[in-house]
Amino acid sequence: MNERYHHGVRVQEKDTELTTPITGVAGLQVVIGTAPVNLTEVPKVNVPVLCHNMQEAREKLGYSEDFKAYTLCQSMYASFVAFAISPVVFINVLDPERHRIENVEKEYDIANGQVKITDTAGIIKSSVVVKAGENTLIENADYLLTFDDNQKMVVTLISETANSAQKLKITSASIAPELVTVADIIGGYDAVTGKESGLEVIRQVYPRTGMAPGFLSAPGWSHVPEIGSVMISKCEAINGVFTAECLLDLDTTKTKLYTHVPQVKEESGYQDRHAIVLWPKVKVNGSQMYYSAIYGAAAAYADAVNDDVPCLSPSNQVVGITSAVLEDETEVFLDREQANVLNGNGIATLINESGWCTWGNNTSAFPEVTDPKDRWICCRRMFTWMSNSLINTYHKRVDNMANFRLIESICDSENIRINSYVAAGKLAGGRIEYNEFENSVENIVSGQIVFRIYMAAFTPAEDILFVLKFDPTLLTDSLKGGEA
């Protein structure tokens with residue numbers, strides 16, 4: 001039997017969640033990477049996993065503070081702990097069946113009815129074989145397998161046969177995140193099995209969750225140009241209709257000088273209106289993390305507290321990190337002038353002014369592209385958000401009769417919706433129009449109706465200039481007041 005029989009009073013304790021995450025989907029993060037799925041009962045591989053808090057993430061994917069090995073945990077920490085924002089969709093590519101190493105058989109002493117395997121990490125439960133002498137013990141009948149707070153396996157003996165032994169021989173296999181490759185992250189479609197993997201799994205997010213991606217992120221991987229270029233290509237036509245932005249880190253091993261960072265961006269091929277390029281890395285409570293993990297959580301949080309509308313610029317927001325660093329732990333302290341050099345090349349960075357803050361308003365398309373809707377991050381996100389919301393809002397009208405009532409209903413509904421955002425200060429202005437010259441009889445007969453929406457998103461107040469001038473007349477007037 002696989003289930004334990006319970007009789008009596010039981011108590012279970014759960015980890016304390018100091019804050020309840022706020023909810024927002026305008027900046028829904030879809031994060032691709034690796035997780036310690038050996039800690040879970042049923043490892044989830046190459047499927048979108050929707051999580052609303054850290055406890056849920058631990059149960060579905062596992063959690064470790066080894067952020068380098070388990071890259072999804074960076075976004076778990078940033079979203080659920082640092083910013084308390086939810087939900088987040090995670091896609092784990094680490095497969096215990098493929099990314100594993102076999103551990104040699106070892107003999108362990110029994111202490112207080114337990115064996116704690118502290119010398120081996122990442123053990124896969126299903127691979128464990130426990131022997132007392134030459135007798136192979138049976139899981140859940142002779143022993144239980146659990147993990148302690150350090151993710152190390154504990155074998156607890158529960159039968160007389162097991163407890164009579166002095167030592168146990170244990171063989172196992174462990175997950176090996178170091179075996180995950182660029183190809184695993186990029187993924188693909190298997191024409192034989194019909195299964196998708198890696199970045200291809202993004203297609204499944206909306207059908208499974210009913211939510212369209214807001215940000216595509218892969219901390220620990222997006223600095224690899226092959227991966228970043230695929231992420232850019234995935235930003236448009238998700239499920240054939242939706243759009244998203246992607247967060248791309250730059251490789252901090254390629255330069256130690258901020259003046260060389262624009263060259264790294266150019267060499268990486270990161271120039272696109274849907275890409276937000278980030279440099280350098282960050283450090284939080286002694287652990288290195290990729291900037292994209294913190295930035296994605298910060299932007300999603302800003303959306304959520306702003307009525308789930310992404311009109312606010314993600315720049316100049318306090319992010320609560322310890323320092324900005326390179327891969328080799330070199331600390332980076334940019335002043336505004338230096339940071340502005342990066343901003344002027346379409347790169348968002350960090351400055352330390354009354355706390356570490358995000359700094360940069362331009363998408364990676366800048367300076368080559370200057371169209372406001374494609375240059376400014378907040379404007380680009382508003383157009384993306386409006387596109388996705390139109391698709392979701394009016395999907396239920398598809399296949400209705402193409403008559404005047406339908407046209408009037410859509411125009412009225414959308415004008416009311418736009419006007420509500422204008423009144424709330426989320427949009428500068430907007431309107432919807434139906435023009436007869438664009439809707440010929442041929443178009444109507446073929447089932448197509450065309451509407452035009454005009455909208456203006458607020459640009460960021462990036463450059464605030466005060467002009468100071470000495471006015472000698474004010475000095476003269478002041479002196480006159482002192483005459484006897």
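This passage walks through a few packing and pairing features of the structure shown above. The model is a predicted one, in which local features need pLDDT of at least 70 and side-chain atom pairs count only at pLDDT 80 or more, while totals for chains, interfaces and linings use all residues. Residues are numbered from 1 along each chain as its sequence is written, and side-chain values use heavy atoms, with hydrogens and water left out.

Helices (H or I, at least four residues) and strands (E, at least two) are DSSP runs, numbered from the N terminus. Helix H2 (residues 72-82) and helix H8 (residues 291-304) have axes that come within 8 Å and cross at roughly 35°; axes are lines fitted to C-alpha atoms, for helices over the stretch in contact, and angles run from 0 to 180 degrees between N-to-C directions. Gln 74, Ser 75, Ala 78 and Ser 79 of H2 meet Ala 293, Ile 294 and Ala 297 of H8 in this contact, where contact means heavy atoms within 4.5 Å.

Strand S18 (residues 281-284) is joined to S20 in the antiparallel sense over 3 bridges, and Lys 283 stands opposite Ser 323 in S20.

Elsewhere, Ile 101 sits in strand S6 (residues 100-109). With a relative accessible area of 38%, Ile 101 is partly exposed; buried means under 20% relative accessible area, exposed over 50%, and partly exposed in between (1.4 Å probe, protein chains only). Neighbours within four places in sequence aside, Ile 101 is in contact with Ala 173, Ser 174, Ala 176 and Leu 179.

Finally, helix H6 (residues 225-233) has Ile 227, Gly 228, Val 230, Met 231 and Ile 232 buried. Among the elements covering these buried residues of H6 are helix H4 (182-186), strand S15 (215-217), strand S16 (245-249) and strand S17 (275-278).

Methods
Two strands pair if DSSP finds at least two bridges between them.
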